[in-house]
Amino acid sequence: MYKAVREAVRVRVVRALMCRVRAARRDAGMVTSEYAVGIIAAVAFAAVLYKVVTSGQVQEELQQIVGRALSGGA
């Protein structure tokens, strides 16, 4: 009887694990359209970030920060 219970538990555990593996495979990764939207969003963010960093005011602030760092913080 003990063997039968142990076998039943083992079968249930294996089934549960297989179910989780199958579910993970179904949801693993993006489809092509999701990749495209992700790439477009990343490029748009990079363009905005580039515009901000290359603006006159930000460039002046960055130069001041670098200058202070190189002069020892004085």
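Predicted model: local features only at pLDDT ≥ 70, side-chain atom pairs only at ≥ 80, totals over all residues.
Me: What percentage of the residues of the chain count as buried?
Reply: A residue counts as buried when its relative accessible area is under 20%. The chain has 74 residues, and the share that counts as buried is 0%.

Me: How much of the accessible surface belongs to carbon and sulfur atoms?
Reply: The accessible surface of the chain comes to about 7000 Å². The part that belongs to carbon and sulfur atoms is 66%.

Me: Which side chains meet in a salt bridge?
Reply: Side chains of opposite charge can pair when their charged atoms come close. The structure holds one salt bridge, with a distance of 2.7 Å from N to O. The side chains that meet in it are those of E7 and R10.

Me: Why are E7 and R10 separated by about one helical turn?
Reply: Both residues lie in helix 1, which spans residues 2-27. E7 is partly exposed at 38% relative accessibility, and R10 is partly exposed at 47%. The separation is about one helical turn because E7 and R10 are three residues apart in helix 1.

Me: In which helix is confidence highest?
Reply: The mean pLDDT of the chain is 82, and 86% of its residues reach 70 or more. Confidence is lowest in helix 1, at a mean of 77. The highest mean, 90, belongs to residues 32-53, which form helix 2.

Notes
Residues numbered from 1 in each chain as written. Heavy atoms only, no water. Buried < 20%, exposed > 50% of the residue type's maximum accessible area, 1.4 Å probe, protein only. Areas by Shrake-Rupley, 256 points an atom, 1.4 Å probe, with all protein chains shown as cover. Salt bridge = Lys/Arg side-chain N within 4 Å of Asp/Glu carboxyl O. Helix = DSSP H or I, 4+ residues; strand = E, 2+ residues; numbered from the N terminus. pLDDT = per-residue confidence, 0-100.
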